[in-house]
There are 2 protein chains.
Amino acid sequence: MTDINKAIESLPWDKEPRGLYEPIAYTLASGGKRLRPTLALIAAEAIVNGGLLNGDVIDHVMPAALALEVFHNFTLLHDDVMDRAQVRRGRPTVHVKWDDNTAILSGDQMLIEAYKLLSDVPADKLPKVLKWFNEMATGICEGQQYDVDFEHANQVSIDDYMMMIEKKTSVLLAYAMKIGGYIAGANESQQEALYQFGLHIGLAFQIQDDILDVYGDPKTFGKAIGGDICCNKKTFLLLTAMERADGETKAELLQWMMASGKDTEKIAAVTAIYNRLGVREAGEAVIEQHTSKALQQLDRLPANYATEQMRQLAEKLVTRIS
Amino acid sequence: MTDINKAIESLPWDKEPRGLYEPIAYTLASGGKRLRPTLALIAAEAIVNGGLLNGDVIDHVMPAALALEVFHNFTLLHDDVMDRAQVRRGRPTVHVKWDDNTAILSGDQMLIEAYKLLSDVPADKLPKVLKWFNEMATGICEGQQYDVDFEHANQVSIDDYMMMIEKKTSVLLAYAMKIGGYIAGANESQQEALYQFGLHIGLAFQIQDDILDVYGDPKTFGKAIGGDICCNKKTFLLLTAMERADGETKAELLQWMMASGKDTEKIAAVTAIYNRLGVREAGEAVIEQHTSKALQQLDRLPANYATEQMRQLAEKLVTRIS
């Protein structure tokens with residue numbers, strides 16, 4: 001973590017034209033969990049057998065780890081324009097602080113900067129890493145498009161939803177681990193185990209997010225509770241409720257979805273329906289499944305300090321409250 | 001050319017989600033000169049000594065050639081959003097036919113698609129090609145930002161302007177030739193000659209564009225004459241006029257720049273000032289210089305059918321009317 005933050009801070013944005021690079025520096029300085037580069041480094045650590053990474057391995061993995069973080073922040077920058085989001089990590093978004101055109105162009109440059117970082121991956125590993133990075137990036141754009149499509153769709157199945165969040169959230173975690181491990185020397189079975197681990201914790205993470213949005217403690221969750229309910233967001237909970245409800249309950253649910261201006265009542269009523277239909281428990285069961293699939297991958301990896309961290313990370317996901 | 005168009009047509013955009021890929025297919029199907037991939041293939045042809053390219057060389061160069069064309073079209077797509085352009089190549093722009101968010105997201109995916117094509121460059125050539133491609137892409141974003149900055153700047157020198165058009169237009173042509181030649185086996189001196197050739201024809205091309213906007217024949221130029229004058233665009237001609245004008249002429253020029261709603265008169269008056277100050281001749285002298293620098297590069301390249309095409313291309317630039 002310290003290494004990653006130091007590396008991110010030392011990226012050279014102090015360049016001309018300022019109008020292009022300042023928003024990039026601003027975006028990357030706004031913090032965040034640095035989850036993706038952390039996963040890439042943990043995966044590398046797992047493969048070099050859990051000793052602390054030596055300088056060489058860090059030098060080899062860090063460019064890709066940083067590329068993943070810069071890429072992730074690029075997606076946030078452009079997403080904020082598309083969603084008209086005003087605030088990100090407690091600060092005005094780039095399109096608010098500057099303007100839309102700045103956010104578009106600096107975002108484009110940020111995507112290019114991710115590929116610049118990637119070009120420092122050792123030459124013998126570069127072809128595969130570039131292909132995987134492209135697949136990951138494509139997944140995220142496709143996931144974003146499906147997310148938009150689903151907003152306007154009449155019928156979205158739980159399978160559709162799982163496919164969407166896999167693309168939009170999980171493939172980035174999956175490829176972060178696979179790429180980190182591959183650069184550190186993982187064989188094919190280990191690469192696949194790292195990929196699947198990232199994929200399944202990503203899915204568990206997203207569904208936990210859906211649950212926390214309704215059932216979280218406002219003190220620890222950081223966002224207002226019930227935001228997804230207010231805007232009829234097609235989350236795992238709503239889609240499960242739609243699938244399970246019939247007769248009167250379905251009519252009641254649909255009526256609340258069309259209600260406007262009564263947010264507090266709506267949140268309480270829809271949550272009551274969710275409780276009646278047991279959708280929280282359904283979500284928790286799916287989280288359990290994916291956590292368990294993630295943990296199974298550890299059998300194909302060395303038992304060491306890094307894989308122990310992976311186990312703790314997966315287990316923490318199930319019980320996280322923020 | 002036929003090869004390039006065939007290869008572009010066979011790119012697989014018939015994929016889900018349609019909302020992401022249809023705008024990409026639409027953008028690439030709208031034609032254009034395919035100048036950048038053509039330059040990459042000519043450069044390759046020059047290096048393999050002007051025989052027709054054999055299948056192997058085409059297979060090796062084509063992915064990068066296509067990546068350059070897809071990248072170029074990505075820049076047009078995002079530029080059109082930022083400029084609020086309504087029409088491109090005779091058809092509604094993507095943000096008009098769909099919406100801004102579609103143009104942003106499909107543009108992002110198009111940039112990623114360029115890198116996907118690039119990942120098919122032969123592995124031993126990939127590290128350098130990726131680095132150069134990134135430098136080229138960075139140049140274009142920086143050039144675009146300078147272009148925006150210059151719109152609002154009080155003082156822009158001719159040197160600033162040349163730096164901006166070098167980044168915004170020329171580096172793409174320069175790297176197209178260098179990359180095409182490098183993949184076909186060019187040595188360092190040849191790579192540099194190809195780069196410089198592309199760079200200088202790019203500069204000559206852009207200044208000729210500035211001249212045609214004022215002095216072109218409306219029948220052949222395709223756009224209305226005087227568009228740059230109407231919107232006070234800081235072209236080579238205007239910046240040269242600002243530098244040369246003094247006393248009364250400068251006052252007159254500034255007055256016309258503040259005038260609004262009298263386009264026909266303004267175009268005639270500013271053109272008359274340009275004529276008085278000899279700015280067209282100044283532009284033609286600079287075109288001549290860059291054309292000559294481009295032609296000098298041919299000494300470092302084999303004399304063959306492809307380099308003869310390069311000579312003709314450079315000479316045609318000076319006399320082109322559209």
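Modeller: Begin with one term. A polar contact is a pair of N or O atoms within 3.5 Å, where one must be able to donate a hydrogen and the other to accept it. Keep in mind that this is a predicted model.

Biologist: Which side chain makes a polar contact with the side chain of T169(A)?

Modeller: That of Q206(A), at 3.4 Å. T169(A) itself sits in helix α8 of chain A, residues 158-183. Setting aside neighbours within four places in sequence, T169(A) is in contact with G202(A) and Q206(A).

Biologist: Does T169(A) count as buried or exposed, and why?

Modeller: Buried means under 20% relative accessible area. T169(A) has 15% relative accessibility, so it counts as buried.

Biologist: Now a whole helix. How do I read α15 of chain B?

Modeller: Check its length against its span. Helix α15(B) covers residues 279-296, 18 residues in total. From first C-alpha to last it reaches 26 Å, close to the 26 Å expected at 1.5 Å a residue.

Biologist: Which residues of α15(B) are buried?

Modeller: First the general idea. An α-helix has 3.6 residues a turn, so residues three or four places apart point the same way. In α15(B) the buried residues are V279(B), A282(B), G283(B), V286(B), I287(B), H290(B), T291(B), A294(B) and L295(B).

Biologist: What covers the buried residues of α15(B)?

Modeller: The cover includes helices α8, α9, α12, α14 and α16 of chain B.

Biologist: On to the interface. How many residues of chain A and chain B are in contact?

Modeller: 34 residues of chain A touch 34 of chain B. The area buried between the two chains is about 3,400 Å². Carbon and sulfur atoms give 68% of that area. M82(A), L105(A) and I112(A) supply 17% of what chain A buries against chain B, more than any other three residues.

Biologist: Which helices of chain A supply at least two residues each to the side that touches chain B?

Modeller: α2, α4, α6 and α7 of chain A. Helix α7(A) gives the most, with 13 residues. By class, that side of chain A has 18 nonpolar, 9 polar and 7 charged residues.

Terms used: Residues numbered from 1 in each chain as written. Chains lettered and ligands numbered in written order. Predicted model: local features only at pLDDT ≥ 70, side-chain atom pairs only at ≥ 80, totals over all residues. Heavy atoms only, no water. Contact = heavy atoms within 4.5 Å. Buried area = accessible area lost by both parts, 1.4 Å probe. Helix = DSSP H or I, 4+ residues; strand = E, 2+ residues; numbered from the N terminus. Nonpolar A, V, L, I, M, F, W, Y, C, P; charged D, E, K, R; others polar. Expected span 1.5 Å × (residues − 1). Buried < 20%, exposed > 50% of the residue type's maximum accessible area, 1.4 Å probe, protein only.
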